[in-house]
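This briefing sets out the main features of one protein structure, grouped by topic. Please keep the sequence and the model at hand while reading.

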Amino acid sequence: MIELPTLGWQSIVILVVFGVSLLIATYCTYAERVIAAFLQDRVGPDRAGPFGLLQPLADAVKLFTKEEFFPAGANRALFVLGPCLAMITALMSSAVIPFGNVIQFGTNVFNLQGIEVNIGMLWVFGIVSLGVYGVMIGGWASNNKFSLLGAIRAGSQNISYELAMGMSLIAVLMISGTLSLREITLQQSVAGEWHFWNIVKQPLGFIIFLVCAFAETNRTPFDLPECETELVGGYHTEYSSMKMGLYLFAEYVNVFVASAVMSVLYFGGFNFPFQYELRDWLVSAQGWELVSAQNLISILGLLLLFGKIFAFIFFFMWVRWTLPRFRYDQLMRLGWTILIPLAIFNILLTGGLILGGIIK
């Protein structure tokens, strides 16, 4: 077994997390077309490779080889910085997500998580909040009225829905007492009690968080910043080549991160029903070593967490091809007059239930 320092193992995990995030974002473009074709009863991508599986590669070649375009009067430095900032912040937000429990090989023990910090949820919120600057900078630097309007819409939309999202999260933090995503996950792994997942304790908070996640990722029906019927293409109207590709990839990475965060906060993360019973059975009845049994549980938890994430990604795409987009006044009204009051009510309700000893 190769002996590496802890920093070496965690560096490998970080690189794997970034690579998986990019791979999933790449094939989300393929899944989007396949799901759209299925829901609309038509043929999706089927020419590039078997079942169209090489379509993302064909898209990458197209984006890398298209002509670079800079609008007249655009600020070139900021025009390039915008999509780069959007992509960097999208990738950084996945660093603190616990994708699995502890894995041990010999004397090497490491977490299936890029970085474990006790303010993991604050990290995600802070980085996601910075992501809107990529959109704002790109829209402003394009020297295009439609792009500027899309950027302003994105800024006001993110500010509005981050308030409700943060308030919905407060109720979870009141129950867990920590900002660490790993600790929140482990608290949902009570032996023999799989229904201790936070979705049971916070159904209203989850619904609020889910709606806000659609708005934060600019997905239909909240895709007003890039509404083609009103703004041609929104904040990325003037973009071409891979700069356009970075904006598109950043959106799919954000969908992946939002799905992972919801899976961790409300659906137990890498926990699954009867995991401790399975581990004890492997040790007592099958004669496995405790370390090997725990490694198997960790791997199964990793796979099941990705199953939860893919289920959320499918839901994002299902909604896109089912619901029409809102008007902008409806978007603002939903955020300020419905979701924020509901989030405040959820906080008060959670506090009352905690004081009453009904939930812990």
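This is a predicted model: local features need pLDDT of at least 70, side-chain atom pairs count only at pLDDT 80 or more; totals for chains, interfaces and linings use all residues.

Is K243 buried or exposed? With a relative accessible area of 7%, K243 counts as buried.

**Overall architecture**

- The protein chain has 13 helices and two strands.
- Its radius of gyration is 22 Å, close to the 21 Å that the globule rule gives for 360 residues, so the chain is as compact as a globular protein of that length.
- Taken along the principal axes, the C-alpha atoms of the protein chain fill a box of roughly 70 × 50 × 45 Å.
- Of the 360 residues, 50% count as buried.

**Annotated transmembrane regions**

- An unreviewed UniProt entry carries the annotation "transmembrane region" for residues 12-30, 78-100, 120-142, 163-182, 194-215, 252-276, 296-319 and 331-359.
- In the model, residues 163-182 are 80% helix and 0% strand, with end C-alpha atoms 24 Å apart.
- Residues 331-359 are 86% helix and 0% strand, and the end C-alpha atoms of this span lie 33 Å apart.

**Helix α10**

- Helix α10 comprises residues 241-266.
- At 1.5 Å a residue, the 26 residues of α10 should span 38 Å, which agrees with the 38 Å between its end C-alpha atoms.
- Because 23 of its 26 residues are buried, α10 is largely enclosed by the rest of the structure.
- S241 is found in α10 and has a positive phi near 55 degrees, although the residue is not a glycine.
- S241 is buried, as its relative accessible area is 2%.
- After α10 comes G268, whose phi is also positive, near 80 degrees.

**Surroundings of F70**

- The structure holds 20 aromatic pairs.
- In the pair formed by F70 and F79, the ring centres are 5.6 Å apart and the planes meet at 55 degrees, so the pair is tilted.
- F79 is buried, at 0% relative accessibility, whereas F70 is partly exposed, at 25%.
- Ring pairs join F70 and F79 with Y235, Y239 and Y247 in a cluster.

**Salt bridges**

- Ten salt bridges are found in a search of the whole structure.
- In contrast to the buried K243, E68 is partly exposed, at 45% relative accessibility.
- R47 and D46 also meet in a salt bridge, with an N to O distance of 3.7 Å; R47 is exposed, at 77% relative accessibility, and D46 is partly exposed, with a relative accessible area of 43%.
- A further bridge joins D329 and R327 at 3.0 Å, N to O.
- Through salt bridges that share partners, E32, R219, E251 and R320 form one network.

**Backbone features in loops**

- The peptide bond from T220 to P221 is cis, with omega near 10 degrees.
- P221 is placed in the loop between α8 (203-216) and α9 (228-231).
- F51, a residue other than glycine, has a positive phi near 60 degrees.
- F51 is found in the loop between α1 (6-39) and α2.
- At 68% relative accessibility, F51 counts as exposed, whereas S241, which likewise has a positive phi, is buried at 2%.

Note on methods:
Residues are numbered from 1 along each chain as its sequence is written. Side-chain values use heavy atoms; hydrogens and water are left out. UniProt positions are given in the numbering used here, feature names are shortened, and annotations may be inferred rather than shown by experiment. Helices (H or I, at least four residues) and strands (E, at least two) are DSSP runs, numbered from the N terminus. Rings of Phe, Tyr and Trp (its six-membered ring) pair if their centres lie within 6.5 Å; planes under 30 degrees apart count as stacked, over 60 as edge-to-face and the rest as tilted. Buried means under 20% relative accessible area, exposed over 50%, partly exposed in between (1.4 Å probe, protein chains only). A salt bridge is a side-chain nitrogen of Lys or Arg within 4 Å of a carboxyl oxygen of Asp or Glu. The expected span of a helix is 1.5 Å times one less than its number of residues. The radius of gyration is taken over C-alpha atoms; the globule rule is 2.2 Å times the number of residues to the power 0.38.
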